[in-house]
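Hi everyone, thanks for coming.

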Amino acid sequence: MSATFPTRSAVAATAALALLALTACAPATSGPAAAGSGEPVDGGTLVYLEHQAHTTLYPPSAGFYPNGGIVNNVFDRLVWQDPESLELKPWIATDWEVNEDATEYTFDLRDGVTFSDGTPLDAEVVAKNFDLYGLGDPERGLTVSEAINNYERSEVVDADTVTFHFSAPAPGFLQATSTNNSALLSADTLDFTLEQFAPGNSAEVIGSGPFTITDEEIGSALTLTARDDYDWAPPDRAHQGRAHLDAVQIQVTPEDSVRVGALLSGQADYIRYVEAQDEAQVDAAGFAVYAPQTGGVNNHLSLRPRGQILSDIRVRQALVAGIDRQEVVDTIYSERYPLATSILSSSAQGYLDTSDAFGYDPEGAAALLEEAGWIEGAHGIREKDGTQLTLVVNESAPQPRSFEALTLISQQLKKIGVDLKILKADAGSAAEAVRDVEQVQVYHSMVARADLDVIKSQFFSQNRNALLNLDYDDGTIGDPRLEELLQAVASEADPDQRIVESQQAQRYLADQAYVVPLFEEPQVYGAAERVHGVTFESVARPSFYEIWLAD
Amino acid sequence: MRYLARRTGQAAIVLLAAFTGAFLLLQALPGDAIMIKYENPELGLSPQQIADVRERFGVDTPLPVQYVHTLLGFAGGDFGYSLQTGTPVRQLLAEAVPHTLALGGIALVVAVLLAGLIAFGSSLPRLRWLRDLLRSVPPLVVSIPTFWLGIMLVQVVSFQLGWVSVIAPGPIEGLILPVITLAVPLSAPLAQILVRSIDDVAAQPFVAVVRARGATPAWILGRNVAKNAILPTLTMAGLLLGDLIGGAVLTETVFGRPGIGRITEQAVGQQDIPVLLAVVVLAAASFVVVNLAVDLLYPVLDPRLAARAREGVPA
């Protein structure tokens, strides 16, 4: 969001830094500086270890990180989002036009782009892509993309021009076309059912990206092979033409110690999900650790205001003041998990520092609870009219070290007389419990998306509804003001005004003590020294396109 | 022949009971897989969109209808689709079973060999020190957790010594460590049973008679004791199938190997009911088949049982 910072010079600067590091004979550095040194070499197979198996290649449902590593490398998108500046740049679309109220988007398409089955990527097929992603097809089990709002229809103007029409302003659409959720698929693939997008059929899913899926062992391995004729990378990327690598071998290795051990022993080149407690081991062995930010709604606790206990703002404020967020970050995580200063990541568009609302003040917290009528009872837990001040928080399995962090927070809250219980349940029980405000009052989650809409995705009633502002049973809205603020972010056509709206929403969430932001969540990867050219898209999914192997 | 028919009929009834039990238990779990997948806030779908999808998957049809539908599907070899990923369950199983069979089969053979080595080694009376040492092995080994053994093998043999590769290994190479991981804990109870039976049989009067006629200890062990001591061990081997399946879940996860264990582990986490149901029925089926095989082998090994089986008397 900061003004234009030329990408090429950024890459050059990084390369220069890396060279400096090398000539100084420093041990392999951590972070992106290790990438991009020397002359790229073509060829070789990258062995990449995933933590979990992928679940689907249907782009609107492919947000799960194990899917992301595949989708980001096998499919292209209309628009490229610069991961540094978050600016939107040409890719398959060479140019675009948006009407004043953001209800009409027209894209000019690049010539000569083909899918790996040989069919052309033209206006017709682009229209077909977004008709599916914008409208969904419940008959085939295919859902609407969360990132596309108010979609009405497509219009093929000519072979390389396509227009999309929206029933209401859709200012987030342009960024949405740059995300994994809007990956472009061939016409045949778009006729697939959900079952055909499933593991086991992955090699049949056709895109136009730098790699194609050539081999699959369900749930355990996937081979990506480079396309020799690939020549339509985003013009702003440092590398053009075919990928340097010949192939990428993706191996699912669920056990953390095996993933890290395989990297350190040279059996793997590049691994995803290095846990915070393993980082030191990888650092110490001289391997590169990459921790790109997911840059959306921070890892946080939602204090759901429609529950009996938390409907009192003083209780929510007391919880905010009773949690020592710094201690959580210092104890459970590493320096690659920066303390959050707003509900949005500091690298997110429209970010507003609201850290003043999240200070640690246990005495203040105790005073607020006293004032709200919660008096110290048996075993140090406060009581009011015979009820104990007991709250439940869900363990969020996909978040790093969720249980450990919540355990520490629970200990902190005990000091101010609050009993925080952690719900550690199977997927079914958890899915049901988090939809009931009397079962889970405190909800632990985060969302990655590099657009202003992300705050609406998380809290709006018709999306993730993290605060349960919409009651699923009776359909009522608890806080209409919050709904308005979020709706404004997603429907305001003027980009500057959207930032204002986002900042109002951030301020409101902080002032109402609806959220306790914990940290800015990275995706942590480890790579061997021979791996160069490591890059990520805007929410930290790996790109293999520029990677080359030195030996 | 009647013995065979009766045993097979019993096996079919056990299978149906396993299917029904698993079906009901899985239905009783809170939530359902559609809910876990589509109502998961991470997809950000509106209540209306979720309702559309639920209708498509027919989640809300009455239980008896679902039961009959699923049972008929199973009878025809159609196990439905994984609700989590959409992959046909039949395809999941077809790809996983050979991997698990190879791992489990070889591990069982290795376990039996190990157990035999320990038991017979410890029964040769000349080497008292060896005998005591070997007899102390099974109780020690039985307490090693499979998971820990796997991790230690990977760390030491693969990562430290670099003898075998764990990531994308060759077909044989990929089996070495998983087989050891699975076979060692399995061999311990087998060895214990075998040692005990050898001792029991060796104390029988007929052994004293054979010994009195001048047979060497090795002759007695090989010709007289072993044959009689193997029966209880065989029964135990059949019962150990459960341990084998449980061990495969851990082993396949540690080594990132494809197989039934991995599928089960993932399906349990996501409450993927069609997959779980198929795995339960498959496990029950293999249990039934193995024990049927053991039962049918009994008369072959023990002529007295063969006579009874011919007469149709319960063995």
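Predicted model: local features only at pLDDT ≥ 70, side-chain atom pairs only at ≥ 80, totals over all residues.

Okay, salt bridges. Over all chains, the count comes to 29. I've picked out a few in chain A.

Let's start with A:R140. Its partner is A:D137, and the closest N and O atoms of that pair are 2.8 Å apart. Is A:R140 buried or exposed? It's buried, because its relative accessible area is 18%, and the cut-off for buried is under 20%.

Next up, A:R242 and A:D228. These two form a salt bridge as well, with 2.8 Å between the closest N and O atoms. Both residues sit in the loop between β9 (221-226) and β10 (247-252) of chain A, so the bridge ties together parts that are 14 residues apart in sequence. As for accessibility, A:R242 is partly exposed at 22%, while A:D228 is exposed, with a relative accessible area of 60%.

Now look at A:D451 and A:R498. Here the closest N and O atoms of the salt bridge are 3.2 Å apart. A:D451 is in the loop between β19 (442-447) and α12 (454-459), and A:R498 is in helix α14 (residues 495-511), so this pair ties together parts of chain A that are 47 residues apart in sequence. What about burial? A:D451 is buried, with a relative accessible area of 5%, and A:R498 is buried too, with a value of 5%. There's also a network here: salt bridges link A:R449, A:D451, A:D453 and A:R498.

Two packed helices are described by the angle between their axes and the distance between the axes. In chain B, helix α1 (residues 2-28) packs with helix α4 (residues 63-75) at an angle of about 135 degrees, and their axes are 11 Å apart. How does α1(B) lie relative to α4(B)? The angle makes α1(B) oblique to α4(B). And the crossing of α1(B) past α4(B) is right-handed.

Last stop, the surface of chain B. Which residues make the nonpolar patch of about 540 Å²? They are B:W148, B:M152, B:V156, B:L161 and B:W163. Take B:W148 from that group: you'll find this residue in helix α8 (residues 146-160) of chain B. B:W148 is partly exposed, with a relative accessible area of 46%.

That's my tour. Happy to go back to any of these views.

Definitions and conventions. Residues numbered from 1 in each chain as written. Chains lettered and ligands numbered in written order. Heavy atoms only, no water. Patch = residues over 30% accessible without salt bridge, like charges linked within 9 Å, V, L, I, M, F, W, Y side chains within 5 Å. Areas by Shrake-Rupley, 256 points an atom, 1.4 Å probe, with all protein chains shown as cover. Salt bridge = Lys/Arg side-chain N within 4 Å of Asp/Glu carboxyl O. Helix = DSSP H or I, 4+ residues; strand = E, 2+ residues; numbered from the N terminus. Buried < 20%, exposed > 50% of the residue type's maximum accessible area, 1.4 Å probe, protein only. Axes fitted to C-alpha atoms, helices over the stretch in contact; angles between N-to-C directions. Parallel < 35°, antiparallel > 145°, perpendicular 65-115°, else oblique. Left-handed = near helix turned anticlockwise from the far one by under 90°.
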